[in-house]
Each structure stands twice: as structure tokens, then as C-alpha cells.
Amino acid sequence: MVWAVLGVLACIQIYVATSHRLAVPGFVLRQIETRLAESGLRAEFGEALFDPSGHLLLRDVRLSFAHLSEPAVRADSIHLKVDPLDLWLRQVDPESVSITGADLLIPAMMSPSGTTEPLVRKLDATVLLGRDKNTLTLDPVSYTHLRAHETEAD
């Protein structure tokens with residue numbers, strides 16, 4: 001019986017070690033959502049994946065202010081690099097955050113047209129957190145800036 005249990009555990013460990021697409025544990029998502037809520041933000045994820053080496057991938061991310069229902073940021077994906085040991089200790093302290101394909105949006109109530117409009121499109125950026133967690137380093141950023149008065153001829 002002991003050998004059977006050890007065999008099953010070995011199979012599970014091999015699966016986890018070789019798998020590149022595991023669902024993010026619920027406690028990790030709750031911790032991310034709690035931290036964002038403390039900052040006055042609400043998050044929705046389309047898909048959340050991780051691998052055992054400490055990479056979390058959040059796809060189809062929508063961030064909104066707690067008091068507004070419309071998203072303020074839509075991103076194709078957000079990639080978090082965390083220490084795998086921290087995950088075992090149920091801590092989510094990212095070492096870096098990479099954002100891909102983000103649109104920064106103006107809420108409809110503040111927009112001249114009365115609809116949600118993008119201020120910046122397709123923002124790509126990486127933020128590295130320092131060891132003391134008080135230092136941020138922003139890697140090169142790319143984006144498409146929208147002019148205030150674009151015309152169809154542009």
C-alpha cells in the first residue's frame with residue numbers, strides 16, 4: 001500500500017515538473033485580487049496559468065476602479081515572475097511584471113464622446129522590483145499614443 005501511494009505521488013510530481021500549463025491556485029488569485037482591492041482596483045482574468053518555476057500568466061485582464069464598472073485597463077496578458085519558494089509559503093511577491101497589449105482607457109463618464117475610449121493602445125512594458133521592494137525599474141516601453149483629435153483622414 002505504501003509503495004502504491006509513493007508511486008502515485010511520484011507520478012503527480014513528474015506531471016507537475018514537466019507541465020507548462022497549470023491552473024493558478026485559488027489562494028494566489030485571491031491574494032492578487034486582495035492586494036489590488038487595497039489599492040482601490042478590481043481585477044478580472046480570462047485565464048490564469050502558472051508553471052512550477054514561478055511564472056504566472058494572466059490572460060485577458062481587465063482592471064477597473066472599485067467605484068466604476070467599466071475597465072480602466074485592458075491587457076492581452078500580464079506575466080508575473082515570482083519566487084517558487086514564496087508560492088509554497090503562500091506569498092505572492094512578484095520580482096517582475098510584464099504587461100503586453102494593454103489599452104489604457106478613459107471611462108465613458110469622463111470621455112468627450114460619452115463612451116469608453118482608449119488613451120493609449122498596445123502598451124508593452126516590464127517593471128522590475130528591487131530587492132528592498134521600494135525600487136522599481138521600468139524596462140523599455142512601447143505603445144501607440146492616440147491624438148486627442150484624430151480624423152478619419154489620418
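## What counts as a strand

A strand here is a DSSP run of E of at least two residues, and strands are numbered from the N terminus. By that rule, Arg 121 belongs to strand β7. Keep in mind as you read on that the model is predicted.

## The chain at a glance

Let's start with the whole chain. Its secondary structure amounts to three helices and nine strands. Reading from the N terminus, the order is α-β-α-β-β-β-β-α-β-β-β-β. The chain has 154 residues, and 29% of them count as buried.

Now for the pairing of the strands. Strand β4 covers residues 55–65 and strand β5 covers residues 73–81; the two are antiparallel partners, with eight bridges between them. To find this pairing in the model, look for Leu 63, which stands opposite Val 73 of β5.

On to the next pair: β5 is also joined to strand β6, residues 96–106, by seven bridges, again in the antiparallel sense. Here Leu 80 has Val 97 of β6 as its bridge partner. Strand β6 in turn pairs with β7 in the antiparallel sense, over eight bridges, and strand β7 spans residues 117–129. Within that pairing, Leu 105 faces Pro 118 of β7.

## Helix α2

Helix α2 takes in residues 26–38. How far apart are the end C-alpha atoms of α2? They are 18 Å apart, which agrees with the 18 Å that its 13 residues should span at 1.5 Å a residue.

The buried residues of this helix are Phe 27, Val 28, Gln 31 and Ile 32. Around the axis they cover an arc of only 140°, so they sit on the same side of α2. The general rule behind such a pattern is that an α-helix has 3.6 residues a turn, so residues three or four places apart point the same way.

## The largest pocket

Several of these elements come together at the largest pocket, which has a volume of about 550 Å³. Its lining consists of 19 residues, and those nearest its centre are Ile 32, Leu 36, Ile 78, Leu 80 and Val 97. The elements that each contribute two or more residues to the lining are α2, β4, β5 and β6.

What classes of residue make up the lining of the largest pocket? It has 16 nonpolar residues, one polar residue and two charged ones.

Asp 60 is not a glycine, yet its phi is positive, at about 50°. This residue lies in strand β4 and is partly exposed, with a relative accessible area of 43%.

Lys 122 likewise has a positive phi of about 50° without being a glycine. You will find Lys 122 in strand β7, where it is partly exposed, with a relative accessible area of 43%.

Note on methods
Residues are numbered from 1 along each chain as its sequence is written. This is a predicted model: local features need pLDDT of at least 70, side-chain atom pairs count only at pLDDT 80 or more; totals for chains, interfaces and linings use all residues. Side-chain values use heavy atoms; hydrogens and water are left out. Two strands pair if DSSP finds at least two bridges between them. Helices (H or I, at least four residues) and strands (E, at least two) are DSSP runs, numbered from the N terminus. On a 1 Å grid over the protein atoms alone, a cavity is a set of points where a 1.4 Å probe fits but cannot get out, and a pocket is an open set with protein on both sides within 12 Å along at least five of seven lines; lining residues have an atom within 4 Å of a point. Grid points are joined across faces, edges and corners, and a volume is the space filled by probe spheres set on the points. Ala, Val, Leu, Ile, Met, Phe, Trp, Tyr, Cys and Pro count as nonpolar, Asp, Glu, Lys and Arg as charged, and the others, Gly among them, as polar. Buried means under 20% relative accessible area, exposed over 50%, partly exposed in between (1.4 Å probe, protein chains only). The expected span of a helix is 1.5 Å times one less than its number of residues. The arc is that of the directions from the helix axis to the C-beta atoms.
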